Amino acid sequence: MSIDRKILTLDEFTIQQLRAFPQATGELSSLLRDLGLAAKRVNVEVNKAGLVDILGDAGTTNVQGEDVKKLDVFANNQFMKVLQHGISCAGIASEELDDIVVFDDEISKNAKYVVMFDPLDGSGNIDVNISIGTIFGVYRRVSERGTLCSKEDFLQQGRNQVAAGYIVYGSSTMMVYATKRGVNGFTLDPSIGEFCLSHPDIKCPDFGNIYSVNHGNFFRYEKGVQDYITACQKKNKTNGGPYTQRYIGSMVADVHRSLIKGGIFMYPGTTDKPKGKLRLMYECNPFAYLVEMAGGKATNGKIPILDVQPTELHQREPLFIGSKGMMEELETYHKL
Ligand code: AHM
């Protein structure tokens, strides 16, 4: 009997996917639902961010006598705790924390996955009501199940991710995630408090009309990058005119736009910071996996992001990511 209802919630969708694979254990589905739950909690607090002046500043006590935590610390705790209480995650690494956190209870020791996340990317934008996001990557652990997870479980190439995604807290809140079966986007319906499938089987258009980069750093970029940016402002190969430039300074929103509409996002190395700003494990790898799964490309200017062998948890990496055709155009200026 088929149920004739158009809208699927995140929970229903993951369970439906599971039904198609009777041999699956359901651990990944459960983990994705846990992340969705943490995202909903963070969303509630992000929506109240403008009230911080009347509720109390971070690090103080608010009018209800509660301790007010910085939103990124709050988000970090939500994602960490939901994964710790779930059945699928053996440990986490977070952009907010210096080292990995190993979950040492019996269920977690037997869990299959580790998760790396940036709990609130672009948090510098909170004060001015600009979209911010959470980014996550899920890896199958390489250490033996039944033991404590270790750093080698985390220092894996991005290509080993089994799922990756992001939540954008914006004009509406969306969760988008990729597995090897494709990329799907869910919009939070506040009336029922559920993420609902709104963007099934997302494909990144081969070309778009927008390039996204911090122009303030122009004179600090390598010549190849400068040449490409200059070409974007002239007669480009795609539409015969200049591309439009858009840069919010909140990666989740900038890459989300490039994924849906087509486009290219760049955070190149600069003369003073040759590795750029973005973190390989928490920002570059999850987006590279997701955008590749959607048909786009992601490189560090030399090799695919997903082939970079990490050596430390918090390492930075230049990032060029987006529509396949635009990435190929970039590569004619900035040789791989
Ligand atoms: P954060 O880790 O302090 O939140 O910074 C990450 C953000 C990205 O979301 C964004 O793409 C980038 O920083 C913007 O940096 P810049 O202001 O140097 O262009």
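Are Y166 and F287 buried or exposed? Both are buried. The points below concern a predicted model.

1. The pair Y166 and F287. These two residues form a tilted aromatic pair, with 5.1 Å from centre to centre and 35 degrees between the planes. The pair links distant parts of the chain: Y166 belongs to strand 5 (residues 161-169) and F287 to helix 9 (residues 280-293), 121 residues apart.

2. The pair F13 and F186. A search of the whole structure gives seven aromatic pairs. In one of them, the ring centres of F13 and F186 are 5.2 Å apart and the planes stand at 70 degrees; the pair is edge-to-face because angles over 60 degrees are classed that way. This pair also links distant parts of the chain, with F13 in helix 1 (residues 10-19) and F186 in strand 7 (residues 182-189), 173 residues apart.

3. Burial and clustering around F13. F13 has a relative accessibility of 6% and so counts as buried, the limit being under 20%. F186 is buried as well, at 0% relative accessible area. Together with Y177, F13 and F186 make up one aromatic cluster.

4. Helix 1 against helix 2. On the helix 1 side the contact involves L10, D11, T14, I15 and L18; on the helix 2 side it involves S29, L32, R33 and G36. By class, this contact has four nonpolar, three polar and two charged residues.

5. Eight strands form an open sheet with mixed pairing, in the order 2-1-3-4-5-6-7-8. Strand 2 (101-102) and strand 8 (194-199) are at the edges; each has a single partner strand, so one side of each is without a neighbour in the sheet.

6. Strands 3 and 4. Strand 3 (residues 113-121) and strand 4 (residues 132-140) run antiparallel and are joined by seven bridges. F117 has F136, in strand 4, as its bridge partner.

7. Helices across the sheet. Helix 2 lies across strand 1 (89-94), strand 3, strand 4, strand 5, strand 6 (173-179), strand 7 and strand 8, and runs at about 20 degrees to strand 5. Helix 8 (residues 251-261) lies across strand 3, strand 4, strand 5, strand 6 and strand 8, and runs at about 110 degrees to strand 5.

Notes. Residues numbered from 1 in each chain as written. Predicted model: local features only at pLDDT ≥ 70, side-chain atom pairs only at ≥ 80, totals over all residues. Heavy atoms only, no water. Phe/Tyr/Trp six-rings, centres within 6.5 Å; stacked < 30°, edge-to-face > 60°. Helix = DSSP H or I, 4+ residues; strand = E, 2+ residues; numbered from the N terminus. Buried < 20%, exposed > 50% of the residue type's maximum accessible area, 1.4 Å probe, protein only. Contact = heavy atoms within 4.5 Å. Nonpolar A, V, L, I, M, F, W, Y, C, P; charged D, E, K, R; others polar. Pairing = 2+ DSSP bridges. Axes fitted to C-alpha atoms, helices over the stretch in contact; angles between N-to-C directions.
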